[in-house]
Amino acid sequence: MDDLLDPDASQAYLRDWQDRVERNADNARATADRIAAVRATARDGNDLTEVTVDSTGTLLDIRFTDRIHRFPPAAVARAVLDASATARRAAAGQAREIVTETLGADSPAARAITAQIDSRAGGGDHG
């Protein structure tokens with residue numbers, strides 16, 4: 001308690017606190033940048049399509065193989081959805097790894113963020 005009354009100790013405490021806040025902000029920015037850079041690519045089981053998504057599961061690229069001409073449109077559509085779901089899960093795994101690595105597996109913040117990531121990866125929309 002006496003340290004709080006000592007001006008030098010109070011200034012040192014505030015400097016340490018400000019340094020911790022700045023380090024945490026730097027870590028948060030670096031983590032956000034790493035997550036934003038996540039990309040995952042996946043193919044469907046019939047090798048009809050390949051999709052690439054970002055960390056949010058947003059479809060960035062889609063490529064079709066010549067095999068699509070031998071399948072009905074509904075099968076091609078399922079292939080796109082399957083590949084997208086696989087890519088979203090892979091991107092979520094990468095993002096989860098980054099969060100856990102940065103914040104620690106036992107961190108309440110990491111648990112909350114990874115729960116959001118998992119929810120988004122298993123969400124109902126397909127791209």
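Which helix holds both Arg 29 and Asp 26, and how many residues apart are they? I looked this up to get started. Both lie in helix H2 (residues 7–36), three residues apart, about one turn of the helix. Helices here are DSSP runs of H or I with at least four residues, strands are runs of E with at least two, and both are numbered from the N terminus.

Ground rules for my notes. I am working on a predicted model, where local features need pLDDT of at least 70 and side-chain atom pairs count only at pLDDT 80 or more, while totals for chains, interfaces and linings use all residues. Residues are numbered from 1 along each chain as its sequence is written, and side-chain values use heavy atoms, with hydrogens and water left out.

**Entry: salt bridges**

I searched the whole structure and got six salt bridges. The term means a side-chain nitrogen of Lys or Arg within 4 Å of a carboxyl oxygen of Asp or Glu. Side chains of opposite charge can pair when their charged atoms come close.

Next I followed Arg 43. Its side chain meets Asp 47 at 2.3 Å, N to O, and it also bridges to Glu 50, with the closest N and O atoms 3.3 Å apart. I noted Arg 43, Asp 47 and Glu 50 as a linked network of salt bridges. Arg 43 is partly exposed at 43%, Asp 47 is partly exposed at 32%, and Glu 50 is partly exposed at 22%.

**Entry: the sheet**

I traced three strands in an open sheet, ordered S1-S2-S3 with antiparallel pairing. Strands count as paired if DSSP finds at least two bridges between them. S1 (39–43) and S3 (59–64) are the edge strands, each pairing on one side only. From one strand to the next the twist averages 15°.

S1 pairs with S2 (residues 49–54) over five bridges. I found Arg 39 opposite Asp 54 and Thr 41 opposite Thr 52. The hairpin of S1 and S2 has five residues between the strands, and Asp 47 there takes a positive phi near 60°. That is the Asp 47 from the salt-bridge network.

S2 and S3 are also joined by five bridges. Val 53 has Leu 59 as its bridge partner in S3. Four residues separate these strands in their hairpin, where Gly 57 in the turn has a positive phi of about 90°.

**Entry: what covers the sheet**

Is S2 mostly covered or mostly open? Mostly covered: five of its six residues are buried. Helix H3 (residues 73–103) lies across S1, S2 and S3, at about 35° to S2. Such angles run from 0 to 180 degrees between N-to-C directions, with axes fitted to C-alpha atoms, for helices over the stretch in contact.

**Entry: the core**

I then looked at the largest nonpolar core, which has 16 residues. A core is a set of buried Ala, Val, Leu, Ile, Met, Phe, Trp, Tyr and Cys residues joined through side-chain atoms within 4.5 Å. Among the members touching the most others are Ile 35, Val 53 and Ala 91. H3 gives the largest share, seven residues.

Last, I listed the contacts of Ile 35 (heavy atoms within 4.5 Å). Leaving aside neighbours within four places in sequence, Ile 35 touches Ser 55, Ala 95, Ile 98 and Val 99.

Notes. Buried < 20%, exposed > 50% of the residue type's maximum accessible area, 1.4 Å probe, protein only.
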